Amino acid sequence: MLNVEGLKIRYGEVEAVRRVDLTVGEGEIVALVGANGAGKSSTLGAIAGLVPAAAGKVVLDGADVTGLAPETIARRGVALVPEGRRIFSSLSVAENLRLGGAMHLPAPDMQAREEEMLDLFPILRRYHQIKGGNLSGGEQQMLAIARALMSKPRLILLDEPSLGLAPQIIDTVFDLIADLRRKGLTVLLVEQNVALALEIADRATVLSNGEVALAGTARELATSDLVRQAYLGA
Ligand code: ATP
């Protein structure tokens, strides 16, 4: 479904991503892990069309989408849940959801999709009219994911969904991500919690200083010496 080939990203003089190659097959969860500043968020940004690529390609369903506008890439079935969630705090849960669908869904489909999201995330039904800013961190993360799903994406890009959440809430969020795969969604997951990411992912890529340090199945990576020493505290 997604191929990232020789991606390079620069912010002025800073080369944030030197060379990233990455493949995500339909129905997979692929984890992108690595230390702070390794280039994970920048890579997601380039896939979503938010960050320009200095070199390389992003190929979606066989078509080169490098440099296309974010709305165009979204229309082709890609949704990003950004780091820090960025929901609208002063808008209600319902309004946040509708904004997620507004650009992509015909008005008559909006309500049905919202109902699907409220079935998938019962907590959002309970807090339907509550302002986003009054939800807990875990609830805001659910809302951010639900909002992204409103556009009926086929590929969802999740940036650090565990960030700042209590362990028990993290489990809930990750169970949900596994559910999304069962429903046929494809997931590219950026995560600093490597142990957690490898539990849920089919395959993973480790980035270090803007380059791929290691890639393989989640099982291969979980038993590799490099990953165990650098990321799993073994
Ligand atoms: P984190 O988990 O901390 O977000 P990351 O692996 O997602 O890390 P990126 O956020 O992609 O890494 O950042 C990669 C490098 O690019 C870092 O050195 C960062 O400081 C730099 N960088 C990111 N965004 C910008 C920007 N808008 N302008 C300048 N430099 C940036």
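**View 1. The ligand and the backbone of Gly37.** A polar backbone atom of Gly37 lies 2.8 Å from an oxygen atom of the ligand, a polar contact being a pair of N or O atoms within 3.5 Å, where, within protein, one atom must be able to donate a hydrogen and the other to accept it, and residues adjacent in sequence count only if both atoms are side-chain atoms. An oxygen atom of the ligand is also 2.7 Å from a polar backbone atom of Ser41, and for Asn36 a polar side-chain atom is found 2.9 Å from an oxygen atom of the ligand. Taken alone, the ligand exposes 620 Å², of which the protein buries 61%; such accessible areas come from the Shrake-Rupley method with a 1.4 Å probe, and for residues only the protein chains shown count as cover. The model is a predicted one, in which local features need pLDDT of at least 70 and side-chain atom pairs count only at pLDDT 80 or more, while totals for chains, interfaces and linings use all residues. Residues are numbered from 1 along each chain as its sequence is written, and side-chain values use heavy atoms, with hydrogens and water left out.

**View 2. The shell of residues around the ligand.** There are 13 residues around the ligand, and those that come nearest are Gly37, Gly39, Lys40, Ser41 and Ser42; a residue is near a molecule or strand if one of its heavy atoms lies within 4 Å of it. By class, this shell has four nonpolar, six polar and three charged residues, where Ala, Val, Leu, Ile, Met, Phe, Trp, Tyr, Cys and Pro count as nonpolar, Asp, Glu, Lys and Arg as charged, and the others, Gly among them, as polar. Helix H1, which spans residues 40-48, gives the largest share of the shell, three residues.

View 3. Helices (H or I, at least four residues) and strands (E, at least two) are DSSP runs, numbered from the N terminus. Of the nine residues of H1, eight are buried, so that the helix is mostly covered; buried means under 20% relative accessible area, exposed over 50%, and partly exposed in between, with a 1.4 Å probe and protein chains only. The buried residues of H1 are Lys40, Ser42, Thr43, Leu44, Gly45, Ala46, Ile47 and Ala48. Just after H1, Gly49 takes a positive phi of about 85°.

**View 4. Glu83 and its side-chain link to Ser41.** Glu83 sits in the loop between strand E6 (78-81) and helix H3 (93-102), and its relative accessibility of 31% makes it partly exposed. Not counting residues up to four places away in sequence, Glu83 touches Ser41, Asp159, Glu160 and Leu163, contact meaning heavy atoms within 4.5 Å. The side chains of Glu83 and Ser41 are joined by a polar contact of 3.3 Å. Although Glu83 and Gln141 are 58 residues apart in sequence, they are 9.7 Å apart in space, C-alpha to C-alpha.

**View 5. Two nonpolar cores.** The largest nonpolar core has 48 residues, and those with the most contacts inside it are Phe121, Ile145, Leu149, Ile156, Leu158, Phe174 and Ile177. A nonpolar core is a set of buried Ala, Val, Leu, Ile, Met, Phe, Trp, Tyr and Cys residues joined through side-chain atoms within 4.5 Å. A second, separate core of 27 residues includes Val24, Ile47, Leu155 and Val190.

**View 6. Buried residues in two loops.** Gly210 is found in the loop between strand E9 (203-208) and strand E10 (211-217), where, at 0% relative accessibility, Gly210 counts as buried. Leaving aside its neighbours within four places in sequence, Gly210 is in contact with Ala16, Val17, Arg18, Arg19, Val20 and Ala38. Val65 lies in the loop between E5 and helix H2 (70-75) and counts as buried, at 2% relative accessibility. Beyond the residues up to four places away in sequence, Val65 touches Val58, Leu60, Ile73 and Arg76.

View 7. Asp61, which is found in the loop between strand E4 (55-60) and strand E5 (63-64), has a phi near 50°, a positive value in a residue other than glycine. Asp61 counts as partly exposed, at 45% relative accessibility. Lys152, in the loop between helix H6 (137-149) and strand E7 (155-159), has a positive phi of about 55° although it is not a glycine. With a relative accessible area of 42%, Lys152 is partly exposed.
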